[in-house]
Amino acid sequence: MKKYIIIGVAVFLLAMIAYIPASVAAKFLPDNIKASQFQGNLWDGSAARFIVDNIDYGSVKWKIKSSCFLLFKLCADIKQSHADIESAFSLKMRGTTEVSNLMARGNASAFNPFVKNFGISLSGNFDADMKDIQIHANGIQRLQGYMNFSPLDVNGVLRLSMGDVNSVFEPMSDYTHIDINNKRGHVDLAGVIQLFNDMRYQLDLKARSNTNSTEAVINGLKYIGDLQADGSVNIKQSGKF
């Protein structure tokens, strides 16, 4: 009997949600999220403007999955579109936030708000296929997938064309292991980034000049890390996003 009561309540809630305008969602958003120009309903709707932490992500469309209601979870398929980035993914929320099957592509400049503290900006194109992302209150708990840039230009004291940059994300017990390498750039780059669950990071990268390196790049490398006997430069840094 209890099973049928739960199913009945779930069906009733689903029916109610289908008639509630999507604009009602704005009342429940946290302070760092702003949305406007709603269409549709809470079940199947969209917002033409979606801003998180003052970063504009353009339009967002969602469709809630009814299968999760019996498990007391909120699940939805999301599509996001902006001039700099487009993505599609499945979202599941219950305590932690889980993102699965994230497919994204766009301009590398979409990452500039996250790297501005390093004194650099990015340009180029990227695509990503993240199978699993888990987010909790203090940061990212799990990342699994890949992200590629083709090409990636880093603009700072020096303008570096990094060529095609490939990164693979593998989850460990308390951090995500990120392997990075490139080809056809002004420098050869390879190494590891560790991204901890509380958003601390550790860089352990090696850069080396190649036949594409200009004189300015060769001279500039010695100032971004520890120069080794073989001419390569070790870049080690830690911090927190």
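Modeller: Two strands pair if DSSP finds at least two bridges between them. Strands are DSSP runs (E, at least two residues), and helices are too (H or I, at least four), numbered from the N terminus. This is a predicted model, where local features need pLDDT of at least 70, side-chain atom pairs need 80 or more, and totals for chains, interfaces and linings use all residues. Residues count from 1 along each chain as its sequence is written, and side-chain values use heavy atoms, without hydrogens or water.

Colleague: How do you know that β4 and β5 pair?

Modeller: Six bridges join β4 to strand β5 (residues 74–81). The rule asks for at least two, so they pair. The sense is antiparallel. Ile64 stands opposite Ala76 in β5.

Colleague: Which residues make up the two faces of β4?

Modeller: In β4 (residues 59–64), Val60, Trp62 and Ile64 form the covered face. Ser59, Lys61 and Lys63 form the uncovered one.

Colleague: How many aromatic pairs are there?

Modeller: Four. One of them joins Phe111 and Phe126.

Colleague: Why is the pair of Phe111 and Phe126 called edge-to-face?

Modeller: Rings of Phe, Tyr and Trp (its six-membered ring) pair if their centres lie within 6.5 Å; planes under 30 degrees apart are stacked, over 60 edge-to-face, the rest tilted. Here the centres are 5.0 Å apart and the planes 75 degrees, so the pair is edge-to-face. Phe111 lies in the loop between β7 (96–107) and α2 (112–115), and Phe126 in strand β8 (residues 121–136), so the pair ties together parts 15 residues apart in sequence.

Colleague: Why is the pair of Phe126 and Phe149 called tilted?

Modeller: Its planes are 40 degrees apart, which is neither stacked nor edge-to-face, and its centres are 6.0 Å apart, so it is a tilted pair. Phe149 lies in strand β9 (residues 139–155), so the pair ties together parts 23 residues apart in sequence. Phe149 is buried at 10%. Ring pairs link Phe111, Phe126 and Phe149 into a cluster.

Technical notes. Buried means under 20% relative accessible area, exposed over 50%, partly exposed in between (1.4 Å probe, protein chains only).
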